[in-house]
Each structure stands twice: as structure tokens, then as C-alpha cells.
Amino acid sequence: ELDPMADIWIVPDMAIFSHIAPTHPISASLSLNTLPAWMRLEEFKLPESTEEYTVTIAASLAQYFLRRDRAVGLLAYGQSNEIVQPDRGERQLTRMLETMAVLRAEGQVALQDMLHAQIHLFPRGTTVIAITSNPDEAWVTGARQLVRRGLRLVTVLVDSKSFGSYRSAEPLATLLQANSMFAYMVKNGDDIGAALSQKNVRTGHYSLA
């Protein structure tokens, strides 16, 4: 359902206050995307960390869209500010995976503030896929501002309650739905591809993967 000509920006929320589980090395999970098939583990379970899930979802979406010949970019504020301009092809996938393999949830800027600071990167019609485990309902205000600027916004919510937090992403998902915005929910233990293929909470249509 996304505009086939528009760039796609994948924006994982790597602010330190958005994650509730201890951080773990991310490279092990990302390396599965680049290993030859015969070297892959038959069964791989992601560590129970919102950081791991956020980055792995970002990597999975990058691979999904790049292999469908879409132009995909990456924006993330972790221990450093990372911007990978949109491009196509396997080189771009390698570049993005290498960037995400060292990305850590050590950022100090809220998701909506990061996007506001980098709004010049997004021409009208750009699709922005934000991935966050922060259930703060302030995201709705930031999301509305992006939509008013002519961007197509999709939010992937990593439900922090399923990782042991007392706060659920359900209220935020409901607010996004009430504001006619696309949102998907991923919980601890979910198959990521399956979760992103479910009906989204706004329209009931299948959209992402």
C-alpha cells in the first residue's frame, strides 16, 4: 500500500530511556541476514531485549523493501547519530546492516525530537517507518506533525510490557488508531515477519510484510 516511487526511511528509536531490558550485543542477530544458508542456525531465538527487537525489526524491514527494489534510508540516534541516505540494492543492505550491527540504545533524544531535527531529509510523500518500544503517548503529537507535513507514517510498537515493564503499548496503539494512523504491535516471542503481516490496527488491511 506504500507509494512505489517514494523513498522509505526506517527509523529505530535508540533513545536510552525508550528501552527497559539490559542491552546485549546486536551483531549476533543481524549476522543471520548475511550468513550463507548452510551456516545459519536451524532455530534462533532473539534475546529478550527491546533493543534487540527494535534493531532486528529495522534490519528485517530494510531487507524486505530493498529486495523489492525500493530506495531505503536509515536514521537513528544511538551512541552516535547515524544517517544512511536512501539507495537501492544489496550494497545498500550491507551498508545498513553494518550500521545497525554496532548501533546501541544510548541516545539522548526522543524519537519525535530526532525526526523534527532531521525533517529536511524527508520530502513530501516520503514513507517513514518508526520503530519504538517507548509507550509514551507524546509520540502521537509528533506523529501528527509528520503527517501534516505530507509524510506517510507507519509506527511499529515493540510492546515493552511483554518484556517485563508495567506499561503497555496498547493505549498508544489505540491513540494512533483514533488519529487514523498505521500501527503494528510486536511482542516478546513473536515471529517478526508474522507480526508485521497481521492486520494493522488502523484499517484492518495487511500492509508491511
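Visitor: What pattern does the protein chain follow, read along the sequence?

Guide: Helices (H or I, at least four residues) and strands (E, at least two) are DSSP runs, numbered from the N terminus. Here the pattern is β-α-α-β-β-α-α-β-α-β-α-β-α, which comes to seven helices and six strands. This is a predicted model, in which local features need pLDDT of at least 70 and side-chain atom pairs count only at pLDDT 80 or more, while totals for chains, interfaces and linings use all residues. Residues are numbered from 1 along each chain as its sequence is written, and side-chain values use heavy atoms, with hydrogens and water left out.

Visitor: How many of the residues count as buried?

Guide: Buried means under 20% relative accessible area, exposed over 50%, and partly exposed in between (1.4 Å probe, protein chains only). Of the 209 residues of the protein chain, 51% are buried.

Visitor: Which residues touch the most other members of the largest nonpolar core?

Guide: A nonpolar core is a set of buried Ala, Val, Leu, Ile, Met, Phe, Trp, Tyr and Cys residues joined through side-chain atoms within 4.5 Å. The largest one has 34 residues, and I10, I57, L61, M96, M100, I131 and L196 touch the most other members. Elements that each supply at least two of its residues include β1 (8–12), α2 (50–66), α3 (89–101) and β4 (127–132). The helix α2 gives the most, with nine residues. A second, separate core of 26 residues includes W9, F122, V140 and L157.

Visitor: What is I131 in contact with, leaving aside its neighbours within four places in sequence?

Guide: Contact means heavy atoms within 4.5 Å. With those neighbours left out, the partners of I131 are I10, V11, P12, D13, T54, I57, A58, L61, V156 and V158. For the protein chain, 73% of the contacts with a separation of 6 or more are between residues 24 or more positions apart.

Visitor: Where do the buried residues of α6 fall, seen down the axis of the helix?

Guide: The arc is that of the directions from the helix axis to the C-beta atoms. In α6 (residues 170–178) the buried residues are L172, A173 and L176. They fall within an arc of 100 degrees, so they line one face of the helix. What covers them includes α5 (139–148), β5 and β6.

Visitor: At what angle do the axes of α5 and α6 cross?

Guide: Axes are lines fitted to C-alpha atoms, for helices over the stretch in contact, and angles run from 0 to 180 degrees between N-to-C directions. Angles under 35 degrees count as roughly parallel, over 145 as roughly antiparallel, 65 to 115 as roughly perpendicular and the rest as oblique. The axes of α5 and α6 come within 10 Å and cross at roughly 30 degrees; the two helices are therefore roughly parallel to each other. At this pairing, W139, V140 and A143 in α5 meet L172, L175 and L176 in α6.
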